[in-house]
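I open my notebook on a structure that is new to me. I start with charged pairs, then turn to strands, cores and surface.

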Amino acid sequence: RLPGPRWVIPFIGNLIPFANDPLKFFSDAFKRGDVSWDYMLGQFFYFFNDASSLKKIMKEQGGTFTLLGAPALGYLLSVTKVLPCLPKASHAALRKTLNPVFTRRYLVSHLPNMEKVVEKHLKSWIAECEQTKTITLVSRSHDLTFSNTMVAFVGSRFAENPKHGSNFRLLAESMAAAPVCLPGFKLWSGVQARRSLLEYLKQITKVAKSRAENGDEPESIVDYWIKSLHDSKDGDFRDGRLDVLIVENILGILFASQDTTASTITWFFALMSDHPDVLAKIREEQKLLRPNGEHFTEALLNQMKYTSQVVKEVLRYRNPLPVAGFVANKHTEISGVKVNKGTAVFANFDAPLFSDDFTDPHKFDPDRFGAERREHVFNAKNNVPFGVGAYRCLGNNFAEIFILLTAAVSTASAEWRRVMTDKSERVVMNPLRIPADGCVMTIGWKEKNNAK
């Protein structure tokens, strides 16, 4: 007999505890054992708390299992068209066209623009903090991530527009909303934001297609993707039958990158405030590699060994996604438990990342990824912050490069201190893992450093 709740309210089940604190709900469920059950809104579902179950489920995504999003997801993204939700064959075909755009070799060409974005936002944070004394970092991390992603995806044609940024925030916030799409409800605002963003992205795609037809060199991720489709002489692309698929996936990729990257950047600043010894080592490396504030290049990034170790450890220690949900497309079996078609399963993403195969896994320790210990090599099967299998996160290189650059710029230029509140020690899902208080902090320029 599998462990589960002692009793549940008929039909409603444990909806109220889930709605009140999703992270605690999942954490409590995983503490019951390797496999447990629960009940909500007339449906039974399972929790799997071991690394092997997570990897089995993810490797069978697109076949035996389909990604399960929040109830509001279907209103905010086209789940029949976006990459993570496609069946295996369709997913493989679309991903093949996108893979060249997300290679490290191509993405480093965006380093000059990324550097400018980070410096601009860092300057604005410090200016704001001079006026207000403190800032709440998570919302600023969202703005930073949005600007960087849009500059990379759209290129120099992107102009900062507060409307687009607030629309993306509305889209993210609406993910956790009740699935009631009526005026006055949060989901309604999210749907309107989606419509506005799609119109904007349609114009961006239209310009990219025109540039490809004119033989112009691509200057953005969208340009590069559209040009590769154009050069492939794909009939569906030329006839416009892929237009909706392209726009929906641009929106999907942008959406997926926002909360995950912003969460990791927020945790980087929080953890560096908690671990000044680690911060000091990053600064020492940056001073050695960039004594005169040299601009970033691929070669320079490759030399940032310790900074890279810290980023890897932040991704492991505070992975943005603590749990992943899926629905079974057919009868199957996981860890000896029979799962019927249509049943939802939730897998613990932290299980492999905090496996005992890591040395002292619950300790924040960037040295585990150093040349001496190389735990990311010896324990590669469990170092999976971006997932496993064919559906592994497409944007992992993009995220790692940007987080690494943000870490390098901020540690070389700024000083900050986390301001502890009564919520600082609490972690919540909103919609991904962040400090409950949003990470309140003070920030200013380092001594002998001035705003650029």
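I searched the whole structure for salt bridges and found 20. I count a salt bridge when a side-chain nitrogen of Lys or Arg is within 4 Å of a carboxyl oxygen of Asp or Glu. This is a predicted model, where local features need pLDDT of at least 70, side-chain atom pairs count only at pLDDT 80 or more, and totals for chains, interfaces and linings use all residues. Residues are numbered from 1 along each chain as its sequence is written, and side-chain values use heavy atoms, with hydrogens and water left out.

**Entry: salt bridges**

I looked up Glu248 and Arg194, whose side chains meet in a salt bridge (2.7 Å, N to O). Glu248 lies in helix α13 and Arg194 in helix α10, so this pair ties together parts that are 54 residues apart in sequence. Helices (H or I, at least four residues) and strands (E, at least two) are DSSP runs, numbered from the N terminus.

Are these two partners buried or exposed? I use buried for under 20% relative accessible area, exposed for over 50%, and partly exposed in between (1.4 Å probe, protein chains only). Glu248 is buried at 7%. Arg194 is buried too, at 14%.

Next I checked Glu199 and Lys202, which form a salt bridge at 3.3 Å, N to O. They sit three residues apart in helix α10, so about one helical turn separates them. Glu199 is partly exposed, at 46%. Lys202 is partly exposed, at 42%.

Asp357 and Lys381 also meet through their side chains (3.3 Å, N to O). This pair links distant parts of the chain, 24 residues apart: Asp357 is in the loop between α17 (350-353) and α18 (375-378), and Lys381 is in the loop between α18 and α19 (396-413). I also noted one network of salt bridges with shared partners, joining Glu313, Arg316, Asp365, Arg368, Arg373 and Glu375.

**Entry: strands**

I followed strand β1 (residues 35-40) to strand β2 (residues 43-48); they run antiparallel and are joined by six bridges. Two strands pair if DSSP finds at least two bridges between them. Trp37 stands opposite Tyr46 in β2. The hairpin has two residues between its strands, and Leu41 there takes a positive phi near 50 degrees.

Which strand pairs with β2 in the parallel sense? I found strand β8 (residues 344-348), with four bridges. Phe45 stands opposite Ala344 in β8.

**Entry: cores**

A nonpolar core is a set of buried Ala, Val, Leu, Ile, Met, Phe, Trp, Tyr and Cys residues joined through side-chain atoms within 4.5 Å. The largest has 99 residues, and Met272 and Ile443 touch the most other members. Helix α13 (residues 243-274) gives the most to this core, with 14 residues. A second, separate core has 18 residues, including Leu54 and Val337.

I then listed the contacts of Ile443 (heavy atoms within 4.5 Å). Beyond its neighbours within four places in sequence, they include Leu122, Trp125, Cys129 and Trp416.

**Entry: surface**

Leu41 came up again, in a nonpolar surface patch of about 630 Å² with Trp7, Ile9, Phe11, Ile12 and Ile16. Patches are made of residues with over 30% relative accessible area and no salt bridge: like charges are joined within 9 Å, nonpolar side chains (Val, Leu, Ile, Met, Phe, Trp, Tyr) within 5 Å. Accessible areas come from the Shrake-Rupley method with a 1.4 Å probe; for residues, only the protein chains shown count as cover. Leu41 is partly exposed, at 44%.
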